[in-house]
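Here are some quick notes on the model you sent over. Have it open while you read, and skim the points in order.

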Amino acid sequence: MKLHHMDVTTAFLNGTLMEEVYMKQPDGFVEQGKETLVCKLKKSIYGLKQSPRCWNYALDSSLRELGFVQTSGDPCIYVSLEEFVIVAVYVDDIILACNCDDKVRKVKDSLASQFKLKDLGELQYFLGVKVVQDTVKGQIWIGQPLYIENILKKFGMEDSKPVETPVDPNQNVCEATDECTLFDKEQYQSAVGSLLYLSVKTRPDIAYAVNSVTRYSTKPTSQHWKAVKRIMRYLKGTLDLGILYNYNGSTDFVGYSDADWAGDINDRKSTSGYCFHLGGGPVSWSSKKQSCVALSTAEAEYMALASAIQEAVWLRKLAVDIQIDCKGPLLLYEDNQSTIAMSKNPQFHGKTKHIDINPSVTG
């Protein structure tokens, strides 16, 4: 399926207000003797709290008139069952996915008749993500090399020496103490925020490292900044890495779940991690500290597995909505034998009673 990109010009001005809203007369508009009058808005404008909601309602109504159905897995994804066109919406950016150019043109023309649009052609960049479509090989590559270059330049790391891993296994990062040298909080949070966006979009390989340094954003030290710079040095050497999806790749989801027991030396909480693959590349991943302390490796792995299964249920739901043919049950890999035994048969109920009320498992 080819991906096409459209942008709605002044999207919020297309919304119709449901409430009565008044505004002061703008500068240069006031007539002499009518300074006390106000303007009653007929449509939404930028600056109103309800403007995004009004625009979403207008676009939603238009897509439904064209025969699109909102998916139950994600309210921002629409599917046309008759001609099978997928529409993904992010505020005023619209992505179309279809294997027929005529159908795409038909949808574009229909939306253009109702809104003022910019037709950006085949998708190349979206929210800072570079997209390369190879219809001959049946491949799609996504990455953020330009975004990484900008991060390195912003924080003076463009000439840094690359390293092979984003985390130093021999370095234990801890919370700030009275003896530690504090680092600029604003600069630290800016760097971590930039890396966080990168890890969520196209770089699952730095997800754990970024999650580790975000924990110290309120009171960073020079040691924490050193860990952040190591992530940037790793990105320096892996600038052009991205995710490649193949048409001939598996249409079945494959997931991996893991956890480090008591990995945080400050509060001894563990970190859950999972990654799901489809079409030869990862489509969903997460690295997140658990909400409570695990009493054993098996418990930490069990809570991580529960989080992965929650994501797996949602992925299968979304897959059904967009007509991905998942032939069998979703395969989820787990490397802890105790956790596997507990998930198959709760025979050690006396030792795992407390897990039943754990918010990480029941949430």
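What are the helix and strand percentages over residues 3-167, and how far apart are the end C-alpha atoms?

1. **The annotated stretch.** Over residues 3-167 the chain is 22% helix and 30% strand, with 35 Å between the end C-alpha atoms. Helices here are DSSP runs of H or I with at least four residues, strands are runs of E with at least two, and both are numbered from the N terminus. UniProt, in an unreviewed entry, puts the feature "domain: Reverse transcriptase Ty1/copia-type" at residues 3-167. Its positions are given in the numbering used here, feature names are shortened, and annotations may be inferred rather than shown by experiment.

2. **Ground rules.** This is a predicted model, so local features need pLDDT of at least 70 and side-chain atom pairs count only at pLDDT 80 or more, while totals for chains, interfaces and linings use all residues. Residues are numbered from 1 along each chain as its sequence is written, and side-chain values use heavy atoms, leaving out hydrogens and water.

3. **The whole chain.** The secondary structure comes to 9 helices and 16 strands, and the C-alpha trace spans about 75 × 55 × 45 Å along its principal axes. Of the 363 residues, 40% count as buried; that means under 20% relative accessible area, with exposed over 50% and partly exposed in between (1.4 Å probe, protein chains only). Among contacts (heavy atoms within 4.5 Å) between residues at least 6 apart in sequence, 68% join residues at least 24 apart.

4. **Helix α6.** I checked the geometry of this one: at 1.5 Å a residue, the 16 residues of α6 (residues 222-237) should span 22 Å, and the end C-alpha atoms are 23 Å apart, which agrees. The expected span is 1.5 Å times one less than the number of residues. Among the buried residues of α6 are Trp225, Arg230, Ile231 and Tyr234. Their cover includes α3 (145-154), α4 (185-201) and α5 (207-214).

5. **Salt bridges.** The count comes to 12, taking a side-chain nitrogen of Lys or Arg within 4 Å of a carboxyl oxygen of Asp or Glu. Lys2 pairs with Asp101, with the closest N and O atoms 3.8 Å apart. That pair links distant parts of the chain, Lys2 being in strand β1 (residues 2-8) and Asp101 in helix α2 (residues 101-112), 99 residues apart. Lys2 is partly exposed at 26% relative accessibility, and Asp101 is partly exposed at 44%.

6. Asp60 and Arg64 form a salt bridge at 2.8 Å, N to O. Both lie in helix α1 (residues 51-65), 4 residues apart, about one turn of the helix. An α-helix has 3.6 residues a turn, so residues three or four places apart point the same way. Asp60 is buried at 12% relative accessible area, whereas Arg64 is partly exposed at 41%.

7. Arg203 and Asp205 meet in a salt bridge at 2.9 Å, N to O. Arg203 is buried, with a relative accessible area of 2%, while Asp205 is partly exposed at 32%. Elsewhere, salt bridges that share partners join Arg105, Lys108, Asp109 and Asp119 into one network.
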